[in-house]
Structures are given as C-alpha cells and as structure tokens.
Amino acid sequence: MAQKLVIVESPAKARTLNKILGRSYSIKASLGHVRDLPRTSLGVNIDKDFTPKYVIPPRKRKVIRQIKEAASKASSIYLATDPDREGEAISWHLVAAAKLDEAKVPIRRVVFHEITKEAVEKAFKTPHSIDMNLVNAQQARRILDRLVGYKLSPLLWRKVQRGLSAGRVQSVAVRMIADREQKIQDFNPKEYWTIEVELAPLEEQQAKFRAKLVASADGTKLNISDENKANKIAADLEKANYFVKSIRTKQIARQPAPPFITSTLQQEAWRKLHFTAKHTMAVAQQLYEGLPLGEEGSVGLITYMRTDSTRVAASAIAEMRDFIAKKYGVDFLPSRPRVFARKAKWAQEAHEAIRPTKIYREPKQVKPFLNPAQLKLYELIWKRMVASQMSPTLYGTTNVEIQTNHVSYEQEAKQPQGYLLKAASSVVKFPGFITVYSETKDEEVQEGLVSLPELKVGDRLSYWGTFPEQHFTQPPPRYTEATLIKALEQRGIGRPSTYAPILSIIQERDYVYKADGKFYPHELGVIVNSILKQHFPKIVDFSFTAQMEEQLDEIAQGKQEWIYVLRDFYSPFEDMLSKARLAIAKVDMSKPTDEICPNCGRLMVVKVGRFGKFLACSGYPECKTAMPFVVKTGIPCPQCGGELVERVNKRGQVFYGCSNFPQCKFATNYKPLPQPCPECGKLLVLDRDGRAKCTACQYKVKLAELETKKETEEMLATMHISSLVRKRDFIT
C-alpha cells in the first residue's frame with residue numbers, strides 16, 4: 001500500500017512527526033527553502049510586473065530529487081511546513097521545484113502551531129490548499145529586499161568601499177544605533193542635587209528612616225542645580241522642625257505579564273539569560289520541533305516560536321487553571337481566565353502565544369533530557385505562561401508627606417513655610433504570580449522604598465542628619481538586544497521572523513558592534529547611515545518602513561495586490577538612485593599605518609577589498625604594492641615561537657596563523673588566549689562555547705574560571721606562597 005508523503009523543513013521536525021503519524025506516512029525534510037532568487041543577478045524582471053526568476057540552489061538539487069522520487073510513490077502529499085508566510089512560501093516553492101502535479105496525486109496543506117498528537121491529528125483531518133495571499137506577502141518582502149540590496153549595494157561599493165550592502169529594514173536598525181550614539185556624543189550633562197533627611201519618631205529613636213526632599217512647603221518643585229544651593233537648603237533642614245503632614249495607605253494589585261510573543265521572548269531571554277536573539281530563536285526552534293524525552297520519544301515542548309499574538313487556546317487555559325489550583329491552591333487562581341489583547345494592529349490573532357504544549361510537563365521533569373540552554377529557555381517560557389494565569393500580586397503601600405518649618409505645628413496652618421519631604425514603603429500582602437515568575441520591572445518595584453515605622457498625622461519627628469548627593473543628567477542609554485528589539489517593535493518595523501536576522505546581519509556587515517552587551521556604530525556604519533539619510537531618506541525613514549510592513553500585512557490578508565505595492569515603492573526609489581549616483585562624493589575609507597612600503601618607501605594604508613582588509617601603498621596608482629593586513633596578538637606560535645597574527649581568508653572568515661608563514665604553517669580558527677595551559681603549558685584557545693581549551697592536551701575550562709585561577713596564582717605569587725606549596729595543588 002502506497003504511503004502518504006509529508007514534507008517538512010527540518011529532520012528534527014520529521015522525527016517528531018514520524019512518532020505521531022506512524023508507519024503509513026513517509027516524512028521528508030526540505031532543509032529549509034528549496035528555491036530562491038539567483039545570487040549572481042537581480043532575478044527580478046522589473047518591466048514585467050516584477051516577475052521573479054527562481055532557481056534551485058545546487059545544494060538543494062539532491063533534496064528535490066529525493067522528494068520527487070518519494071512523491072511518485074505516494075498516495076497523497078501533505079505540505080506540513082511552518083505556520084507563517086515563510087512556511088507557506090516554502091510549500092509553494094516545493095510544489096514548483098519538485099513539479100508536483102495535483103492531477104496525479106492529491107496535494108494538501110496542513111498547519112499546526114504545536115507538534116503534539118492532538119494538534120497534528122486535528123490538522124491532518126482539516127487540510128486545505130496553499131494560501132496564496134501569504135505566499136505573495138512573502139514574495140513581495142523578498143523582492144523588495146532584493147531591489148534595495150542589489151540596486152543600492154553597488155552604489156555603496158563605488159562610493160564607499162567594496163563589499164558593502166544595504167538592507168531595507170537593517171538600514172533602519174543601523175540608523176537607530178547611529179542616531180542614538182550621536183545623541184550620546186552631543187549630550188551636555190547638567191548638574192543637579194538630591195537631598196535626603198534621616199528622621200525618627202520622638203518616642204522611638206531607633207526607628208530611623210530617610211525621607212526625600214521634593215518641594216517647598218507650598219508645593220513648588222525645587223531645582224537644586226549646584227552645591228551652594230544644596231548646602232543652603234541643607235543648613236535650613238538642619239535647623240528645621242519636622243512633623244507628619246499626611247499619610248496615605250492603599251493596596252496595589254500588580255497584574256502578571258502576558259505570555260511570550262517572539263519579541264518579548266527575545267527581550268527577556270537577553271535580560272535574564274544573556275541569550276542573543278539568534279541563539280534564543282535557535283533554541284526555541286529545537287523546543288518546538290521536538291526533543292527525545294525518554295519513553296515519551298520525540299515531543300514538541302512549546303508552540304510555534306514566531307508569533308506576535310498573545311492569544312492562548314481555551315483548552316490550554318483550562319489545563320493551566322487546573323494545574324494552578326492543584327499546585328498552588330485556589331487563592332492563586334483568578335475567578336475568571338485572564339485574556340490578553342494585543343494592541344498592535346498588525347498582530348496575527350490566528351496564531352497563539354509561545355507556551356508549553358503541556359503545562360504538567362514541568363521543567364524539573366524534562367531536565368534530564370535537555371541541555372542547559374534548552375532547559376533555561378523552556379523554564380522561562382513555562383514560568384511566564386503559568387504566571388500569566390495566576391492571581392495578581394497585592395502590595396500594601398504607605399506614602400508619607402513630611403512638613404518642615406521653623407515654628408510649631410499648631411502655627412503651621414497660619415504660616416506655611418519650609419519644605420516638603422516624602423517617604424514610601426511597600427510590603428507584599430499576597431504573593432500571587434511572583435511565586436512563579438517575576439518580570440524584570442516587577443523585581444525593581446521596591447526600588448526607592450524604605451521601611452517605615454508606625455506614624456500618624458501630626459507626629460513630631462527628630463532630626464538625625466542631612467544627606468545631599470550630587471548627580472548629573474544622563475544621556476539616553478545605548479541599545480541592547482532587548483531594547484533594540486523593543487524599539488523596532490514599537491515603531492512597527494520588522495516582524496517576528498525578522499528581529500534575530502536583523503541583529504545578526506548589521507553586526508556581520510561591520511556596521512555596528514557589541515561591547516558590554518551594548519550596540520555601538522562602527523565608523524563604516526556612521527558613514528553609510530549618513531549617506532542613506534541624505535540621499536535615500538525613505539529607505540531609513542521609520543514611518544515609511546513601518547508603512548511598508550503594514551502593506552505586506554495587508555497583502556497577507558488579501559487586502560492589497562502585491563504588484564501594486566512593488567510599483568508604488570520602485571518608481572520613487574529608482575528616482576532617488578539616479579540622483580544619488582551623481583550627488584554622492586567618493587568616500588576615502590583608507591587608514592594610515594606606520595608600515596613602510598618596501599618598494600617606494602611611502603607609508604602603507606589599510607584598505608578594504610573583496611576579501612576584507614589589506615595593506616596598500618599610499619602612492620597608488622604610481623606604486624601598486626599590496627600586502628596582507630594582519631592584527632598582531634602578542635601570543636607566541638606553539639610550533640616555532642613566532643607571533644600569532646589575525647588573518648582573513650578568501651571567504652572573509654577570520655583565522656589565526658603564524659607570522660612566519662609559509663615557513664611555519666600553524667593555524668587555528670579559534671582565538672588564542674594569552675594564558676598558557678595550566679596542565680601542559682601549551683597554547684590555549686577560546687572555543688565556540690566560550691571555554692578555554694588546550695590545543696595539545698584535553699584541558700578545557702570555562703573562561704571565567706580560568707581568569708579566577710590566574711588572579712589566584714598572581715595573589716599567591718605576591719604572598720610568596722609559591723615557594724612553599726605547588727600552585728596547581730593549592731588552587732581548587
């Protein structure tokens with residue numbers, strides 16, 4: 001009996017589906033896209049309504065042959081690619097590339113947002129045809145990006161340097177980083193002072209607390225701009241009398257955050273786990289596609305991870321409420337299920353939020369089967385989902401206003417003068433959802449609060465000290481991965497599938513870099529951003545880019561024709577290109593060095609070519625001397641003792657080799673470390689997992705632990721203990 005053929009993107013997804021569907025189904029993986037626009041040409045016929053020319057990449061020809069062979073033996077074909085535009089487009093391309101003929105064999109599209117037995121069986125009972133609206137939305141995005149990239153990049157090559165490229169959405173992200181850096185550099189800090197006063201009730205002198213000066217007694221806000229003003233006010237406060245003017249107590253209910261969508265998962269994974277957006281999505285993909293859980297076999301642990309909807313299926317909410325009631329008690333369960341509505345008009349409500357496929361599958365139960373990264377991300381998703389359906393956290397807050405003057409309290413009403421201070425305290429009355437999960441902002445709720453003694457209106461307070469503190473206004477903070485994704489989302493730029501690629505691409509192109517978790521623009525990024533802002537304002541305009549995203553959404557909903565959207569974009573874009581070719585002046589990106597040209601004696605400069613940086617004579621074109629550009633590391637070669645230098649191969653990849661090449665051919669793809677191996681004394685390198693490993697022996701350790709060992713050894717040497725005990729034996 002002929003099998004039913006199911007086509008998915010990845011082998012991991014195929015393994016999980018194979019367990020669910022059984023032997024009557026044959027499952028093949030396409031390994032992602034099977035057709036794309038050609039790499040060597042535009043691939044879009046602008047004169048014929050932007051008709052794309054798709055090709056099958058050489059590496060996918062074998063996959064297509066296998067799918068065609070399987071399809072020829074199948075009784076029916078099910079396209080089970082991911083439930084979004086990219087997945088829909090992959091299904092459409094599969095039909096065309098493998099020349100699947102519905103006249104010969106039925107072809108059906110199945111969609112599920114979680115890889116569980118119930119969801120998959122339901123999808124196969126309700127198949128449908130390919131949604132061409134989603135396909136056209138994906139095609140329009142792909143063609144738009146190709147037009148911008150292949151038309152704009154050559155211009156940047158000629159005017160700035162070879163190898164540059166510009167992306168429709170990535171350029172906007174670079175602009176945000178570059179503009180923020182400019183604001184930081186232009187920022188002029190202003191001095192200001194704050195003053196706190198330490199006080200205590202007259203009857204309980206040990207119950208000291210601090211109150212913050214906020215205004216003069218009549219409510220006028222104080223502007224303490226320098227030390228003289230601060231000292232003058234502090235002198236007044238030292239002589240003043242203090243009494244409690246008012247006390248307000250109330251209960252505040254803090255509601256839990258909604259379950260994760262793609263952007264919030266990436267933001268919180270960066271804040272709590274220090275995962276990059278790219279790493280977060282890679283791990284989430286593994287959790288979605290399924291992992292072997294012992295006797296259960298391969299199981300999808302979370303729902304689809306590319307979503308902008310906070311909707312949760314009614315069945316999942318029912319399971320969640322049952323779990324909460326049993327594990328935490330009915331007090332932790334709201335009277336009605338909590339529903340989160342997305343305010344963003346582009347949210348795709350057909351999708352679900354990112355949640356565990358089975359809430360009773362607690363992190364501790366799957367811990368033996370997951371690697372550390374998978375467990376951390378699953379636990380984050382699990383806790384956020386459980387907390388979202390729990391009771392609010394209740395805080396009891398007390399806000400106290402304290403009046404100062406130089407007369408008695410009874411006279412204050414007739415002669416208001418002096419200053420107004422405030423103090424506040426907060427205590428958790430009922431923990432609610434924070435029993436399970438606390439978002440970053442919830443953890444900071446206590447900031448600025450103090451523990452207050454028992455007070456009542458009219459109480460006199462004793463003075464214990466004044467604490468003036470100097471401050472300076474701060475520039476806007478640099479973007480982190482979390483804040484940049486949030487800013488892109490708030491502006492309507494990008495969609496769930498694009499955030500991680502955007503952040504990766506702008507770093508790979510050397511437009512921006514990360515240091516201490518914050519984004520900085522490279523000089524190249526600043527220059528390209530300046531050119532685009534001046535000559536292609538629409539390309540990097542926030543509103544225009546967001547409008548384009550909305551139009552793509554409307555194509556997906558069948559409200560717009562994709563050809564018309566491309567026409568409206570291309571005509572003004574071509575006009576900008578024509579003007580820019582004449583208006584943009586050539587930018588000299590060469591950098592002077594101390595190296596001397598061996599042929600003419602002039603200084604060498606650093607230039608960037610097709611394969612990266614190289615040294616060229618500043619006398620070009622009279623002198624055409626060129627040499628490889630290397631970065632010295634100061635680390636000796638383990639083979640000959642020469643210096644290891646950083647080089648770039650013809651594929652643009654960084655590696656480290658001996659400066660005595662070709663006499664010495666030692667090379668490594670891993671970054672060498674200055675510390676020698678503590679086991680054998682040979683070269684240590686930094687591997688892809690962030691660990692120091694030896695190139696000669698089996699030694700391997702986390703880099704942080706290596707640094708700690710080094711510091712300890714230096715301390716021991718300073719204390720002259722090394723002569724008494726062997727350091728390696730002493731350090732544990």
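Me: Let's say buried means under 20% relative accessible area, exposed means over 50%, and partly exposed is what falls in between. Which of those does Glu-121 count as?

Reply: Keep in mind that this is a predicted model. Glu-121 has 32% relative accessibility, so it counts as partly exposed.

Me: OK, and which helix does Glu-121 lie in?

Reply: Helix α4. Glu-121 is also 8.4 Å from Ile-20, C-alpha to C-alpha, although the two are 101 residues apart in sequence.

Me: Pockets next. What's the volume of the second largest pocket?

Reply: About 840 Å³. Its lining has 32 residues, and those nearest the centre are Glu-114, Thr-116, Lys-117, Glu-118 and Ala-119.

Me: Which elements give two or more residues to that lining?

Reply: Four names come up there: α1 (11-21), α4 (117-125), β11 (298-299) and α10 (314-327). Helix α4 provides the largest share, with 5 residues.

Me: And by class, what is the lining of the second largest pocket like?

Reply: There are 12 charged residues, 10 polar and 10 nonpolar.

Me: Switching to aromatics. How many aromatic pairs are there?

Reply: The count is 17 aromatic pairs. Take Phe-50 and Tyr-570: the ring centres are 5.8 Å apart and the planes sit at 75°, so this pair is edge-to-face.

Me: Where in the chain do Phe-50 and Tyr-570 lie?

Reply: Phe-50 is in the loop between β3 (44-45) and β4 (51-52), while Tyr-570 is in helix α19 (residues 562-583).

Me: Are Phe-50 and Tyr-570 buried or exposed?

Reply: Both Phe-50 and Tyr-570 are buried. Ring pairs also link them with Phe-536, Phe-544, Phe-569 and Phe-573 into a cluster.

Me: What about Phe-332 and Phe-430, how far is it centre to centre?

Reply: 4.8 Å, with 40° between the planes, and that pair is tilted. Phe-332 sits in the loop between α10 and α11 (363-366) and Phe-430 in strand β13 (residues 419-430), so to speak two distant parts of the chain, 98 residues apart. Phe-332 has a relative accessible area of 13%, so it is buried.

Me: New topic, cysteines. How many disulfides does the structure hold?

Reply: It holds 0 disulfides. Cys-623, for one, is in none, and the nearest cysteine sulfur, that of Cys-617, is 3.6 Å away. Cys-623 is buried, at a relative accessible area of 9%.

Me: Which residue is the bridge partner of Cys-694?

Reply: Leu-684, with Cys-694 being in β27. Strand β26 and strand β27 (residues 691-694) pair in the antiparallel sense over 3 bridges.

Me: And in what sense do β25 and β26 pair?

Reply: Antiparallel again, over 4 bridges, with β25 covering residues 671-676 and β26 residues 683-686. Leu-684 in β26 stands opposite Leu-673. The hairpin of β25 and β26 has 6 residues between the strands, and Gly-681 there takes a positive phi near 80°.

Terms used. Residues are numbered from 1 along each chain as its sequence is written. This is a predicted model: local features need pLDDT of at least 70, side-chain atom pairs count only at pLDDT 80 or more; totals for chains, interfaces and linings use all residues. Side-chain values use heavy atoms; hydrogens and water are left out. Two strands pair if DSSP finds at least two bridges between them. A disulfide is a pair of cysteine sulfur atoms within 2.5 Å. Buried means under 20% relative accessible area, exposed over 50%, partly exposed in between (1.4 Å probe, protein chains only). On a 1 Å grid over the protein atoms alone, a cavity is a set of points where a 1.4 Å probe fits but cannot get out, and a pocket is an open set with protein on both sides within 12 Å along at least five of seven lines; lining residues have an atom within 4 Å of a point. Grid points are joined across faces, edges and corners, and a volume is the space filled by probe spheres set on the points. Ala, Val, Leu, Ile, Met, Phe, Trp, Tyr, Cys and Pro count as nonpolar, Asp, Glu, Lys and Arg as charged, and the others, Gly among them, as polar. Rings of Phe, Tyr and Trp (its six-membered ring) pair if their centres lie within 6.5 Å; planes under 30 degrees apart count as stacked, over 60 as edge-to-face and the rest as tilted.
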